[in-house]
There are 2 protein chains.
Amino acid sequence: MDERSLLLLGMLKSQSQHGYQINEFIEKNLSRMVDMKRSTAYTLLERLCDQGYVDGTMEQAGNRPQKKVYTITPTGEQKFFELLHEYLKHAGVIQFPFDIGLMFLDSLPDEDVSLCLQGHLQELDRQIVGFEQTPRHGFGRGVDLAVEHRLIMSRAERDWVASILQRFQSLTDE
Amino acid sequence: MDERSLLLLGMLKSQSQHGYQINEFIEKNLSRMVDMKRSTAYTLLERLCDQGYVDGTMEQAGNRPQKKVYTITPTGEQKFFELLHEYLKHAGVIQFPFDIGLMFLDSLPDEDVSLCLQGHLQELDRQIVGFEQTPRHGFGRGVDLAVEHRLIMSRAERDWVASILQRFQSLTDE
DNA sequence: AGATGAATAGTCGGAATCGACTATTGTGTG
DNA sequence: CACACAATAGTCGATTCCGACTATTCATCT
């Protein structure tokens, strides 16, 4: 059971909803923080139902197409709090694929490195703008904090990459 | 083909070696940056052989037990450079499971949040000490840079979490 | 009326990863 | 000498995740 289940439980805790809604929300609002595909979300929702943490009921509202509405159960809420504590408390091992690149930097001519890092920097800037423009007060202080977290992390990385880039450029220029 | 293959190709580029050595090195020196289990490494090495990027030959050195020595091929080197450019250039979407926790912070009493964040902080401090104590000059500037990268990222996160924690504690104390 | 598209629900097979397990041989210790 | 341990090689089944695909119903447009 990982942070994706925490996300699903959390979203259902704030409001019962159906899979499509959940997926839309994640794609539109959280794609910068979470990477979970639609089919995975459906699978996970099914599992949560099997485990009794969520209750899924088909509804026929008026004559609209069928919807399956998912609702968190009391045990689901318990589980939610358990997971929430866990993920707030633990830092875990974050993996930056970029680091693997960095490790082998030496195999590349300084010029290539400069070019790559420039590209990297631009991507980071784009990400930062994205976070800066993310509307706040999604569903509470918490979401804003998460965005702020990502923002300061991206900025820290950008500043560092920029400083490294300068090192390389001064080597190349001289 | 992901960053794990880049790592394997890179390690083999610097030196032909056998799977056990590779796994040992990753476990002992890179466990803070990369999470890849032994069986995965073996699987990946096999695949790299199939794809012609690596050549694996059983060797019977003296009367020691069998070793399978993996050596990077010319196409493997090409692939290595390709992947290296890719991973240096792109920032990708980093996922912090912590963020999912943050999003739902509001569901927890401030006191709980304080306790969790204190735990988080301690873990981060441990990680930072780990990076600080990582011996430098592993196989070149690059490795040092990667460690430095992780170090500044962890510090940035620690400082931020500490500031958030203070906010919560001042709320709780009053 | 028929076509098209959006909202909603999935399903299914394949790839990736891991944990736990097995096998072989040399070396060192009691 | 016997036994355990380290070094080396995997294998295999379970689980997870994803991409691509399908199905249904209504609304809208021609």
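What is the relative accessibility of Glu77(A), and as what does Glu77(A) count at that value?

Tutor: Glu77(A) has a relative accessibility of 29% and therefore counts as partly exposed (buried means under 20% relative accessible area, exposed over 50% and partly exposed in between, with a 1.4 Å probe and protein chains only). The model is predicted: local features need pLDDT of at least 70 and side-chain atom pairs pLDDT 80 or more, while totals for chains, interfaces and linings use all residues. Residues are numbered from 1 along each chain as its sequence is written, chains are lettered from A and ligands numbered from 1 in the order in which they are written, and side-chain values use heavy atoms, leaving out hydrogens and water.

Glu77(A) belongs to helix α4 of chain A (helices, H or I with at least four residues, and strands, E with at least two, are DSSP runs numbered from the N terminus). Residues up to four places away in sequence aside, Glu77(A) touches Lys13(A) and Ile72(A), where contact means heavy atoms within 4.5 Å.

With a relative accessibility of 68%, Pro74(A) counts as exposed. From the C-alpha atom of Pro74(A) to that of Ile22(A), 52 residues apart along the chain, the separation is 20 Å. Ile22(A) is itself a buried residue of helix α2 (residues 19-29), as are Gly19(A), Asn23(A), Glu24(A) and Ile26(A). Among the elements that cover the buried residues of α2(A) are α1 (3-14), β1 (17-18), α3 (38-50) and β3 (67-72) of chain A.

Strand β3 of chain A contains Lys67(A), which is partly exposed at 35% relative accessibility. Lys67(A) is 48 residues from Gly19(A) in sequence and 8.5 Å from it in space, C-alpha to C-alpha. Beyond its neighbours within four places in sequence, Lys67(A) is in contact with His18(A), Thr57(A), Met58(A) and Glu59(A).

Lys13(A), which Glu77(A) touches, is also in contact with a residue of the other chain, Ser107(B). Ser107(B) lies in the loop between α5 (97-103) and α6 (110-133) of chain B and is partly exposed, with a relative accessible area of 26%.

The α4 helix of chain B meets chain A as well. Its axis and that of helix α6 (residues 110-133) of chain A come within 7 Å and cross at roughly 40° (axes are lines fitted to C-alpha atoms, for helices over the stretch in contact, and angles run from 0 to 180 degrees between N-to-C directions). The two helices are therefore oblique to each other; angles under 35 degrees count as roughly parallel, over 145 as roughly antiparallel, 65 to 115 as roughly perpendicular and the rest as oblique. On the side of α6(A), the contact is made by Asp112(A), Cys116(A), Leu117(A), Gly119(A), His120(A) and Glu123(A), and on the side of α4(B) by His85(B), Leu88(B) and Lys89(B).
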